[in-house]
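Please read it alongside the sequence and the coordinates.

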Amino acid sequence: MPMIYDSAKRINPAIDEIKEIIRYRDLVALLAKRDITTRYKRSVLGVAWTMINPLGMMLILTIAFSQLFKDVPGYPAYILSGLIVWQFFSQTTTAAMVNLVWGGGLLHRIYLPRTSFALAAILTGLTNLLLTFIPLMILILIIGLPLRISLVFVPIPILFLAAFSLGLGLLMSTFAVYFPDVAEMYQIGLTAWMYLTPIFYPERILPEKIGWFITRFNPVYHLVRLFRACIYEGRFPYWNEVWPAMVFSMVILVVGWTVFSQKADEFSYRI
Amino acid sequence: MKQPVIRIEHASVCYRIPKERIGTFKEYAIRLIQRKISHQVFWALQDVNLEIAEGEMVGIIGQNGAGKSTLLKLIARVLRPKTGRVWVRGLVVPLLELGAGFHPELTGRENIYLNGTMLGFTRKQMDQKCPRIIEFSELGEFIDAPLRTYSTGMWARLGFALATDTKPEILILDEILSVGDEAFQRKCVERIQKYREQGATTLLVSHSMVQVQETCQRAVLLNHGHLIAAGKVRDVIKVYRKEQAS
């Protein structure tokens, strides 16, 4: 049965895109593999940099703030567990945007499902995340925090994190296609966002009003909290910790995917 | 009558060109509030109707900017028509963009896999195709060297071998198909010839009337996005010549 392409036969672009991406799943995997292998191809330490990078950040932050936050138990592990969530989020959303705008020349030449770039960025991020688990586990053991059975719950926050990042990455890439400086603006936004998320400071130091706002409306806060519950605190999360993260990530994913695929046909006119 | 493989019905493509270049989001926001965004609409193709049957060899002619490559992009699925309909059956291989997705840091073999999946094949299918592609490209041991070490000719050879490994139902050709040295070029022409004999539909974009006359059974003339004439090559070329003269 030869494949048939019919531009008129399209019920919903978002659903079409899902079908196409399933057909092109191997492309997503190979794009991710390309990003991982080419990134460190000419460096001596290679993929080890993925692990060294957050460790370095953690070290600096620990040196700078450990006196201030003495009462946070296992402070380096507190930072690192938050940092790897944050780095996943900031790196994958940025990569989704950059891959589309810079790699988008391809879209003029051959047909590809346009979400492949963002999905490849997520897959690359997940690989890096798994790698950074190694130093995180070692650190937890060294510090003497307990490693508990609650670790089996970790895939759930990771799933939410991936869904949220994919949704936001798609949304930001849509903007970036139309306005090139969105990519620059987003970097500033990310910095502000990081300081408004309890990554390296404990939640309690937030001023009351700002704290009220952040603990409700900052999706990354919920993702970090869920992740930390299973790894750093070693307990299963409560339901009221799970549902905000779930709602935020699913809503953003659906919105991002829909907006992106509605606009995707115009990308090859623009990029 | 053979079955159609391409059907284009009332297809139009337009680009919206902002009258002034708006580069930043801030500017856009200001103009949006002032309601000062105006676009110029440029019709790259307008109400084009075309049907191409299985095994046909069709030449597409017209001046630069007439909409030839836009038409090909519609068929290759790169652009979606703003209005109208495009219907295509079978695998389309555009031999215009050989090795479009090659990455210089990856080896030849890695690039074969990555670009194969870009053409819509699965990794499993690529396992089968890979040895044939390597053989046809004559790259030998270079296949495991990164592409940045390749010469332009080697790059193009790999691109051609990859794109044409599976017999396509529809082949899109540019007049200038310069792939490697003369011996390899002959090999490419032979392969295209073979596919045509096996019934592949071929579209040829060309400025050379001689080439179109020699190879095509039918020609299509585009001018400023309109399909002006379609039919016997000789008649269409006559129309084109007359238009050029005036």
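In this predicted model, Glu20(A) is buried, with a relative accessible area of 15%, and Arg77(B), at 19% relative accessibility, likewise counts as buried. The side chains of Glu20(A) and Arg77(B) meet in a salt bridge, with 3.3 Å from N to O. Because Glu20(A) belongs to helix H1 (residues 13–23) of chain A, while Arg77(B) is placed in the loop between H2 and S4 of chain B, the pair joins two chains. Through salt bridges that share partners, Glu20(A), Arg23(A) and Arg77(B) form one network.

Over all chains, the count of salt bridges comes to 17, and three are counted between chain B and chain A. Two further salt bridges lie within chain B. Arg218(B) is bonded in this way to Glu56(B), with the closest N and O atoms 2.6 Å apart. The pair links distant parts of the chain, 162 residues apart, since Arg218(B) is in strand S8 (residues 218–223) of chain B and Glu56(B) is in the loop between strand S2 (39–53) and strand S3 (57–61) of chain B. Arg218(B) and Glu56(B) are both buried.

In the salt bridge of Arg148(B) with Glu105(B), the closest N and O atoms are 3.2 Å apart. Arg148(B) is located in the loop between H4 and H5 of chain B, and Glu105(B) in the loop between strand S5 (92–94) and H3 of chain B, so the pair ties together parts that are 43 residues apart in sequence. Arg148(B) is partly exposed, its relative accessible area being 44%, whereas Glu105(B) is buried, with a relative accessible area of 15%. The table lists these salt bridges.

| Residue | Partner | N to O distance |
|---|---|---|
| Glu20(A) | Arg77(B) | 3.3 Å |
| Arg218(B) | Glu56(B) | 2.6 Å |
| Arg148(B) | Glu105(B) | 3.2 Å |

The contact between the two chains can be described next as a whole. The size of an interface is often given as the accessible area lost when the parts come together. Here the area buried between chain B and chain A is about 4,000 Å², and carbon and sulfur atoms give 58% of that area. Arg77(B), Arg80(B) and Met118(B) supply 21% of the area that chain B buries against chain A, which is more than any other three residues supply. Chain B contributes 42 residues to the contact and chain A contributes 37 residues.

Across the interface of chain B and chain A, nine residue pairs are found in polar contact, with both residues at pLDDT 80 or more. On chain B, the side that touches chain A receives at least two residues from each of strand S1 (4–18), helix H1 (25–34), helix H2 (68–75), strand S4 (83–89), helix H3 (108–118) and helix H4 (123–137). The largest share of that side, six residues, comes from S4(B). Sorted by class, the side of chain B that touches chain A has 20 nonpolar, nine polar and 13 charged residues.

S4(B) also pairs with strand S1 (residues 4–6) of chain A, in the antiparallel sense and over three bridges. Within S4(B), Arg89(B) is the bridge partner of Ile4(A).

As for H3(B), nine of its eleven residues are buried, so this helix is largely enclosed by the rest of the structure. Among the buried residues of H3(B) are Asn111(B), Tyr113(B), Leu114(B) and Met118(B). The buried residues of H3(B) pack against elements of both chains, namely helix H2 (25–39) and helix H5 (106–109) of chain A, together with H4 and helix H5 (152–163) of chain B. After H3(B) comes Gly120(B), whose phi is positive, near 100 degrees.

Arg34(A) lies in helix H2 of chain A and is buried, with a relative accessible area of 17%. Not counting residues up to four places away in sequence, Arg34(A) touches Arg39(A), His103(B), Leu106(B) and Leu114(B).

In helix H7 (residues 155–178) of chain A is found Leu171(A), which at 17% relative accessibility counts as buried. Leaving aside neighbours within four places in sequence, Leu171(A) is in contact with Val255(A), Gly256(A) and Val259(A).

Notes
Residues are numbered from 1 along each chain as its sequence is written. Chains are lettered from A and ligands numbered from 1 in the order in which they are written. This is a predicted model: local features need pLDDT of at least 70, side-chain atom pairs count only at pLDDT 80 or more; totals for chains, interfaces and linings use all residues. Side-chain values use heavy atoms; hydrogens and water are left out. Contact means heavy atoms within 4.5 Å. Buried area is the accessible area (1.4 Å probe) that two parts lose on being put together, summed over both. A salt bridge is a side-chain nitrogen of Lys or Arg within 4 Å of a carboxyl oxygen of Asp or Glu. A polar contact is a pair of N or O atoms within 3.5 Å; within protein, one must be able to donate a hydrogen and the other to accept it, and residues adjacent in sequence count only if both atoms are side-chain atoms. Helices (H or I, at least four residues) and strands (E, at least two) are DSSP runs, numbered from the N terminus. Ala, Val, Leu, Ile, Met, Phe, Trp, Tyr, Cys and Pro count as nonpolar, Asp, Glu, Lys and Arg as charged, and the others, Gly among them, as polar. Two strands pair if DSSP finds at least two bridges between them. Buried means under 20% relative accessible area, exposed over 50%, partly exposed in between (1.4 Å probe, protein chains only).
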